[in-house]
Amino acid sequence: MSGRPFQNLVAFSLLLICFKAWWRVGDAEIGCIEREREALLHFKQGVVYDYYGVLSSWGNGEDKKDCCRWTGVECDNHTGHVIILDLSEQFLIGKIGPSLAELQHLKHLNLSLNVFKGILPPQLGNLSNLQSLDLGYNDGLTTCDNLDWLSGLPLLRQLDLSWVNLSTAIHWPQAIKKMTSLIELHLSYTQLPIISFSQNNFSKSLVMLDLSGNGLTSSMYPWLFNLFRTSNLVLLDLSSNDLNGSIPDAFGNMTTLAYLDLSSNQLQGEIPKVTFNNISCLVDLYLFGNQLHGSIPVALANMFSLESLDLSRNQLEGPRFPHWLHTQKSLMELDISASGISEVIPTWHWTFIPNLMWLNVSNNHISGTLRNITSYHPYLGMDMSSNFLEGSIPQSLFNALWLDFSNNMLSGSISLSCKITNQSGLGLSHLDLDLHLVDLGKNRLSGSLPSWIGGSLSNLIVLNLRSNEFNGSIPLNLCQLRKIQMLDLSSNNISGTIPKCLKNLTAMAQKGSSVIAYDEFVSNFDRQLSYVDNTLVQWKGKELEYTKTLRLIKSIDFSSNKLIGEIPMEVVDLVELVSLNLSRNNLSGPIPTTIGQLKLLDFLDLSQNQLQGGIPDSLSQIARLSVLDLSNNTLSGLCGPPLLKRCPEDRDESGEVSFTSLNGKKDGIRDDANDIWFYGNIVLGFIIGFWGVCGTLLLHRSWRYAYFKFLNKIKDRLYVTTTISMNRLRRSFQS
C-alpha cells in the first residue's frame, strides 16, 4: 500500500508529459489561417520592388504554405493568427493595400523606412486589436482628407506617421483625441496643416509627443499647455518649427518632462530662470539654433538629472564659464559653443570632464592652457576650436575619440610616450581603436611631424595639421592610416620628398571603397549620442566649414611647404581622390603621365613648383575636373592667348605675333572645307545613331519591351537606394 502513492505520482507525471507532447504537436499542425495567408499574398502583390528579396519566402509552394514562417510574420502559437507584421527597413517599393485589414488579430504593424507610396487605406482602422502602428519614414505616403479611421484602433498605444503627408488632415487633433490608449505619438515632418487649435485634449496616458518639423507657430501654446494639465508628458519635441517670442513660463508646469527639444526655432529673449527651476527632472534639454540672448541661467543647476545640454547657435553673452556645471554629476553631453564666454579655463573645468562623452566650447574667447586628464570617458569627444588656448597639448588628451583644437595659439611639439594609459589600462591599443578625428590646424605647433600617429591611430579618418610650424620630412608611418580620407599638412615647413607608400592609404586607393561616416554613434544603455562631422577644409583656395558633406571629401593637401623631388607615380593609385593640392613647393620632374586615372578629381593644383616636361594627355580623361592650376612651372604644351607665352606657329618673319595674318586664304578655304565635313559628319552620325536605335525599337516589339523594362529596373534600383538612404539619415538625425 505504501508504494501506491508513488505509482500514482509516476502515472500522473507520464500523463503530463504526454499531454505536453500532444500540445506541441497541435501547435505545429495549426499553421496560419488561410484567409490571413491570402491577405498577405495580396499585400505582396502591391510590392513592385523587393531590394533584399525578403518576400521571397512568401508564396504558394509546398514549402511556403505556412505563412507563420514567412519573413517578418509572427503568429500566435495557440491560434495561428498573425499578430506581428514587421517589414521595417527592407527597401520595399509599392503601395499598402486594404488587404491588411483582414489581419483582424494583428497587434503590431511596422512598415517604416521603406518606399511605400500612395494613399493610406482607411481600412487599417478595422484592425481593432492593433497596439502599435509604425509607418514612418515612407516619404511618399499620404492620407485622405482626415484621420477618422484612427478611431477604430482603441487599443493603439504607439503611433508613428513621421514623414507621411498629412497636409489635408485638418482635423488631426480631433482624430488623435479619440485614441484613449495612446502613449507615444510621432508626427515629425508630416506637413501638418496650419489650423486654429482648440482646447481638445489628447489621451491622458500620452507620454511621448513629437511634432517636430511641421512649421507650427506659437499659436499652438494654449492647446499645448492645456494638454499638459491632463497628461504626464515625459518627452516633447517641437524642434524645427516656427515658434517665436520668448519661452513661455508655462513650460515650468511640465514637472514630469525628461526630454525637451525646442531647437531650430525663432525663440528670443533670455532663458527663463523660473521656468527651468521647476523642471528638475529634465534629462535632455536642447535649445540650440534660436535667437536667445543673455547669460546662461544658474537655475539650470537644479537639474541634477541633466545628461544632455545644448545651448549653441544662439546669441548668449557669457561672459563667464557657468560655475554650476561642476555640480552636474550626470552630465554626458554639453554644447555651449558661441556663448560669449571670455575667461580663463577654471580649474574645476577639468574635474567634471570624466563623466562627459561630448564637450563643445568652440567659438568663444576662452584662454588658458590644456591640462592632463587622469580619468575620462572612453568615448570622449572634445571641440575647443576657435578660442585663445595656449601652451602644449597634454598627451592624455589623445586618448579621446574626437579632438578639435584648431584655430588656437597652441605651441610646442606633439609627442607620445608609452606611459600613456587610460583608466582601463589599455595604453596605446586604446588609441588604435578609437581616435577618428584630429584637427590641430591654425596653431603654433612645431617640431617634426608625429610619426606615432600612423602606428597608434590606425582608425583616423581626418588629420588636419595645416598652418602650424612643423618641420622635417613626412614620416612613412602616415602611410599606415588606411582609413584616412582627409590629410592636410599644408602651410608648414615640411621638407623632403613625397613618400611613395601613399598608395597604402586604402580609403583613397581602393576603387569603389565605401564612404566612411564621420558621425560617431555611441550607445550607452538606452542613450545614443551623435558626434556631428564638422571641420574647416581648405577647398579651392577658400576655407570652408564642412558639416554633413565632410564625408564626401577625400583629399590630400601638402601645399605651401618645402617638398622636393618628383611627384611619385604611386599618387595616381589614389583613385578615390577628389582634391589634390601640391602647390607652392619645390617639386621637380614631370607630371605623372597616367594622372588621368584619378577620374574623381574635382580640384588639382600643382602650381608654383619646378615641374618640367609636357602636360599629360590623360588629363582630358578627368571629366569632373573643375579647377586645374599648373601655372608657374616650366611645363611645355601651354602657349598662346590668353597666356603670355607665345606658340612658335604664332610668330611671323619678324618674330612678332600677328593674330590677323596667322592664316592665309588657303587656311580659310581649308577651314571652310573642314566645317563642311564637320557638320556633314554630325548629320550622318545623327541619322545612323538615332534611327539605328529608335528604328530597331519601333520595328521589333519584343526588343522594345525588353529595352524599356531594363530602363525601368535601373530607375527603380537608383530610386529605392537614394530614397531609403535619405530616410535612414532622417531617422538617425531625429533620434
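Mentor: A definition comes before the aromatic residues: rings of Phe, Tyr and Trp (its six-membered ring) pair if their centres lie within 6.5 Å. Note also that this is a predicted model.

Trainee: Which residues form one aromatic cluster with Phe43?

Mentor: Ring pairs are counted by the distance between centres, within 6.5 Å. One aromatic cluster contains Phe43, and its other members are Trp58, Trp70 and Phe116.

Trainee: How many aromatic pairs does the structure hold?

Mentor: The cut-off on ring centres is again 6.5 Å. With it, the number of aromatic pairs in the structure is 18.

Trainee: Is the pair of Trp163 and Tyr189 stacked or edge-to-face?

Mentor: Planes under 30 degrees apart count as stacked and planes over 60 as edge-to-face. The ring centres of Trp163 and Tyr189 are 4.7 Å apart and the planes stand at 5°, so the pair is stacked.

Trainee: How many residues apart in sequence are the parts that Trp163 and Tyr189 tie together?

Mentor: Trp163 sits in the loop between strand 9 (158–160) and helix 3 (172–177). Tyr189 sits in the loop between strand 10 (184–186) and strand 11 (208–210), so the pair ties together parts whose separation in sequence is 26 residues.

Trainee: Is Tyr189 buried or partly exposed?

Mentor: Buried means under 20% relative accessible area, and exposed means over 50%. Trp163, at 17%, counts as buried. Tyr189 has a relative accessible area of 25%, so Tyr189 is partly exposed.

Trainee: Is the aromatic pair of Tyr286 and Phe288 stacked or edge-to-face?

Mentor: Tyr286 is buried at 12% relative accessible area, and Phe288 is buried at 17%. Their ring centres are 6.5 Å apart, with 85° between the planes, and the pair is edge-to-face.

Trainee: Is the disulfide of Cys68 and Cys75 left-handed or right-handed?

Mentor: The sulfur atoms of Cys68 and Cys75 are 2.1 Å apart, and both residues are buried. The torsion about their S-S bond is about -100°, so the disulfide is left-handed.

Trainee: Is the disulfide of Cys479 and Cys501 left-handed or right-handed?

Mentor: The sulfur atoms of Cys479 and Cys501 are 2.0 Å apart. The torsion about the S-S bond is about 65°, so this disulfide is right-handed.

Trainee: How many residues apart are Cys479 and Cys501?

Mentor: Cys479 is buried at 5% relative accessibility, and Cys501 is buried at 18%. Cys479 is in the loop between strand 30 (469–472) and strand 31 (486–488), while Cys501 is in the loop between strand 32 (493–496) and helix 8 (506–509). The pair links distant parts of the chain, with a separation of 22 residues.

Trainee: What is the area of the nonpolar surface patch that includes Leu711?

Mentor: Leu711 lies in helix 10 (residues 701–734) and is partly exposed at 36%. The patch is made by Tyr707, Phe708, Phe710, Leu711, Ile714 and Leu718, and its area is about 570 Å².

Trainee: In the open sheet, which are the edge strands?

Mentor: Four strands form this sheet in the order 1-4-6-8, with mixed pairing. An edge strand pairs on one side only, and here these are strand 1 and strand 8 (141–142).

Trainee: Which residue in strand 8 is the bridge partner of Ile119?

Mentor: Strand 6 (residues 115–119) and strand 8 pair in the parallel sense over two bridges. The bridge partner of Ile119 in strand 8 is Thr142.

Trainee: How far apart in space are Pro173 and Ile195, C-alpha to C-alpha?

Mentor: Pro173 lies in helix 3 and is buried, with a relative accessible area of 4%. Pro173 and Ile195 are 22 residues apart in sequence, and their C-alpha to C-alpha distance is 9.7 Å.

How values were computed. Residues are numbered from 1 along each chain as its sequence is written. This is a predicted model: local features need pLDDT of at least 70, side-chain atom pairs count only at pLDDT 80 or more; totals for chains, interfaces and linings use all residues. Side-chain values use heavy atoms; hydrogens and water are left out. Buried means under 20% relative accessible area, exposed over 50%, partly exposed in between (1.4 Å probe, protein chains only). A disulfide is a pair of cysteine sulfur atoms within 2.5 Å. Patches are made of residues with over 30% relative accessible area and no salt bridge: like charges are joined within 9 Å, nonpolar side chains (Val, Leu, Ile, Met, Phe, Trp, Tyr) within 5 Å. Accessible areas come from the Shrake-Rupley method with a 1.4 Å probe; for residues, only the protein chains shown count as cover. A salt bridge is a side-chain nitrogen of Lys or Arg within 4 Å of a carboxyl oxygen of Asp or Glu. Two strands pair if DSSP finds at least two bridges between them.
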